[in-house]
Amino acid sequence: MIPISKPVLGKEEFKAVEEVLESGMLAQGDVVKEFEDKFAAYIGVNYAVATNSGTAALHTALASIGIRNGDEVITTSFSFFATASCVLMQNAKPIFVDIDSRTYNISQSEIEDKISERTKAIIPVHLYGQPCKMKEIMDIAEEHNLTVIEDAAQAHGAEYDGKKVGFIGDIAVFSFYSTKNIIAGEGGMITTNDERIAERAKMIRNHGQRERYLHECLGYNYRMTNIAAAIGLAQLKKLDKLNERRINNARYYNKRLNVDKPYVAPNAKHVFHQYTIRVKERDKFLEHLEKNGVGYGIYYPVPLSRQPLFNSGSYFREAELASKEVVSIPVHPALSKEDVKRVAEVVNVYE
Ligand SMILES: Cc1ncc(COP(=O)(O)O)c(C=O)c1O
């Protein structure tokens with residue numbers, strides 16, 4: 001079976017973890033600080049705050065800008081659950097928008113229709129590793145005085161108009177879950193240029209404390225461990241190379257596959273967290289992949305707008321269609337040339 005994802009771990013990760021274990025300081029400490037500093041430098045922002053998951057990073061980001069009961073946050077109808085569940089965690093309401101059928105990202109032209117007096121923020125998600133149309137989104141946000149939180153959980157190293165995602169919005173969040181472009185087992189990161197937001201985020205991830213045992217606001221235990229940070233640091237050094245391998249695998253598929261392939265916007269550097277094709281009779285196609293030993297993923301079979309929890313009552317045509325037709329095939333950097341060739345052959349045989 002060729003798996004849909006597989007981490008690339010080398011001697012560096014093993015050695016880094018061993019050093020942390022030997023140091024005896026396993027919880028959040030100097031290694032986390034170093035990971036934050038190096039990640040901030042990579043993205044090109046002043047501050048990075050590490051957390052123990054991307055979900056924790058999103059929740060912390062929303063809390064740190066004061067999202068609360070009665071507020072509305074506009075986001076895409078087609079993403080992972082956490083993009084919208086974190087809004088509920090602050091007792092606020094996610095307001096969904098349909099997607100662009102080509103990029104699967106939030107349809108920026110439909111955002112303004114959803115803005116109300118209660119709207120406080122927009123969460124664009126760079127789905128599958130392709131940046132959203134950030135210029136348009138930032139313009140809307142500026143005009144309506146809204147905060148933009150980029151959900152870059154799937155897009156480490158992706159660029160829009162030559163700028164790294166995570167640098168463009170007011171805040172961004174990343175995930176280091178084990179299938180992501182770089183991993184730490186579990187982990188997350190907030191990036192921002194706003195010192196106040198960064199300070200607030202640091203408090204929220206640590207029980208609302210600035211000073212030990214003095215709790216100024218509601219906070220949580222969202223701290224990253226030194227063990228996770230050690231893996232993250234080793235992975236960060238390889239990020240560009242790992243992304244390059246994903247992009248090369250995608251290029252190969254683009255040349256060879258005879259199916260509906262991913263569209264890449266002209267001003268976008270897509271880092272192919274997923275290589276996602278569309279097929280009409282998906283169940284039959286999936287059976288074919290399974291029979292031939294090719295792993296796959298469906299991201300996502302039910303749009304956020306139709307998740308029972310959100311009970312949004314909305315129907316979005318493009319998100320619905322995508323949820324029925326998308327299939328992600330292996331594109332990760334652990335694939336051999338033979339694997340990529342085999343995947344292409346299996347996909348192409350199906351007709
Ligand atoms: C778009 C998106 N947002 C948020 C998250 C949450 O990240 P984590 O799994 O690290 O909590 C993920 C991870 O799957 C994601 O894909």
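Where is the place of Asn145? In this predicted model, Asn145 lies in the loop between helix 5 (134-144) and strand 5 (147-151). Its backbone stands out. Asn145 has a positive phi of about 55°, although it is not a glycine. Most residues other than glycine have a negative phi, and most peptide bonds are trans. Tyr300 belongs to the loop between helix 8 (282-291) and helix 9 (317-325).

The ligand sits in the largest pocket. Two elements each give two or more residues to the shell around the ligand: helix 3 (54-64) and helix 4 (82-89). There are 15 residues around the ligand. Of these, Gly54, Thr55, Asp151, Ser175 and Lys180 come nearest. By residue class, the shell divides into 5 nonpolar, 8 polar and 2 charged residues.

In Thr55, a polar side-chain atom lies 2.5 Å from an oxygen atom of the ligand. Asp151 faces a nitrogen atom of the ligand, with an N or O atom of the Asp151 side chain at 2.7 Å. For Lys180, an N or O atom in the side chain is 2.7 Å from an oxygen atom of the ligand. On its own, the ligand has 390 Å² of accessible area. The protein covers 92% of that area.

Charged side chains also pair within the protein. The count of salt bridges comes to 17.

How values were computed:
Residues are numbered from 1 along each chain as its sequence is written. This is a predicted model: local features need pLDDT of at least 70, side-chain atom pairs count only at pLDDT 80 or more; totals for chains, interfaces and linings use all residues. Side-chain values use heavy atoms; hydrogens and water are left out. A residue is near a molecule or strand if one of its heavy atoms lies within 4 Å of it. A polar contact is a pair of N or O atoms within 3.5 Å; within protein, one must be able to donate a hydrogen and the other to accept it, and residues adjacent in sequence count only if both atoms are side-chain atoms. Accessible areas come from the Shrake-Rupley method with a 1.4 Å probe; for residues, only the protein chains shown count as cover. On a 1 Å grid over the protein atoms alone, a cavity is a set of points where a 1.4 Å probe fits but cannot get out, and a pocket is an open set with protein on both sides within 12 Å along at least five of seven lines; lining residues have an atom within 4 Å of a point. A molecule sits in a cavity or pocket if more than half of its atoms lie within 2 Å of its grid points. Helices (H or I, at least four residues) and strands (E, at least two) are DSSP runs, numbered from the N terminus. Ala, Val, Leu, Ile, Met, Phe, Trp, Tyr, Cys and Pro count as nonpolar, Asp, Glu, Lys and Arg as charged, and the others, Gly among them, as polar. A salt bridge is a side-chain nitrogen of Lys or Arg within 4 Å of a carboxyl oxygen of Asp or Glu.
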